[in-house]
Amino acid sequence: MDKRLKITEIAARTQLSISTVSRVLAGKANTSEKARAKVLACARELGVIDGMAAGRLLLNTLVVFAPQRAFDERSDIFYYRVIQSVSKGLASHEVRLRYCALEENDSDAQLFLTRMNEPDTQAAILLGIDDPHIHDLAVDVAKPCILINCRDRHMRLPAVTPDHRAIGERAAEYLFEMGHREVLNVMCLRRYTMELRLSGIRDAWQSHNLKFNDLRDLLVVPSFSARETEELVNAWLIERQGKDLPTAFLVGGDFMAAGTISALQKHGLRVPQDVSVMSIDGFNLAAIQDVPLTAVHVPRDELGTEAVYMLQQRLMRPDAPVGTLLLNGMLAVRESVRRIRQGKRRTAVDREGLYDS
């Protein structure tokens with residue numbers, strides 16, 4: 001049976017016009033929710049959905065829930081750009097995109113339910129929302145919902161997120177490849193995603209038989225700001241006066257890297273001649289004070305487009321298995337990390353051997 005006959009049959013079964021059926025199956029916005037539901041139910045029964053082009057997005061309105069700062073480029077450029085990428089992914093579809101601010105934790109559950117239960121809300125994206133109660137409500141509402149950079153611990157909602165652990169491991173591994181064995185890790189651990197990156201860093205140390213010591217090898221900053229990072233690194237350098245310094249700093253973000261480099265330069269240290277600096281980010285400040293910044297790029301623009309594609313698949317196959325798509329980072333080699341030769345500096349290698357002596 002060809003496509004035209006399928007549309008005619010769906011129209012006959014649903015008692016809707018052929019033009020209405022055609023608009024629904026083309027993902028057009030000018031159809032009622034009642035008509036859309038009838039057409040899609042009948043199309044699934046006839047097996048039409050399975051054969052449709054993956055490029056169609058069969059909905060009219062999508063709501064993005066995210067922390068308030070995500071809607072201001074100056075407050076959170078990463079999340080702001082993710083939202084822009086969602087909008088870009090919808091550009092070829094007639095989909096109305098709406099926004100609602102929610103806290104990461106202790107979210108306003110009533111606000112979430114109000115937005116989700118509005119008749120024209122057909123699907124949702126949760127960006128960076130960690131509140132498990134919101135995840136529970138999203139499951140109960142039973143409308144398509146995709147998570148970005150967060151996770152449903154009960155594994156009921158599909159998600160797309162950077163592979164934070166692998167990203168942290170790759171960043172530390174690159175420094176080891178460049179000969180560094182004494183590395184200070186400057187991290188903000190305000191979310192579990194940053195803890196995952198730190199776990200990846202620890203994995204890299206272990207794979208090189210290096211013993212990670214939190215007191216020696218980790219400096220925790222309360223936020224991602226350059227100012228706070230500069231203050232803490234400066235205080236750390238003052239405390240370390242007269243002692244050997246690490247050969248490299250691995251920093252958990254570009255603005256933090258800017259603060260780190262500023263503190264180092266105020267102490268007369270040159271990057272990378274005296275000490276190397278590497279970032280886990282690399283989008284926002286590719287060059288800091290004329291120092292091109294080596295970094296592992298955390299996928300950002302890809303998150304939104306992949307979430308839209310994942311939503312397409314959920315609409316086509318609502319009963320398909322639920323999973324999480326982990327996106328790899330990308331190493332960007334610039335000039336803030338120099339190679340050093342082994343034996344030039346003392347090493348932090350665990351002196352306990354693999355075998356008894």
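Me: What makes β8 and strand β9 (residues 276-279) count as paired?

Reply: In this predicted model, β8 and strand β9 are joined by 4 bridges and run parallel; since a pair needs at least two bridges between the strands, the two count as paired. One of the contributing partners can be named, for Ala-248 has Ser-276 as its bridge partner in β9.

Me: Why are both faces of strand β8 (residues 248-251) called covered?

Reply: In a regular strand the side chains alternate between the two faces of the sheet. On one side of β8 lie Ala-248 and Leu-250, and on the other Phe-249 and Val-251, and all of these are buried, which means that each has under 20% relative accessible area; both faces are therefore covered.

Me: What makes β8, helix α12 (residues 254-266) and β9 a right-handed unit?

Reply: With the strands pointing away from the viewer, a right-handed path from the first strand over the helix to the second runs clockwise; β8, α12 and β9 make a right-handed β-α-β unit, so their path runs clockwise in that view.

Me: How many of the 357 residues in the chain count as buried?

Reply: The share is 50%, in a chain whose secondary structure comes to 13 helices and 14 strands.

Terms used
Residues are numbered from 1 along each chain as its sequence is written. This is a predicted model: local features need pLDDT of at least 70, side-chain atom pairs count only at pLDDT 80 or more; totals for chains, interfaces and linings use all residues. Side-chain values use heavy atoms; hydrogens and water are left out. Helices (H or I, at least four residues) and strands (E, at least two) are DSSP runs, numbered from the N terminus. Buried means under 20% relative accessible area, exposed over 50%, partly exposed in between (1.4 Å probe, protein chains only).
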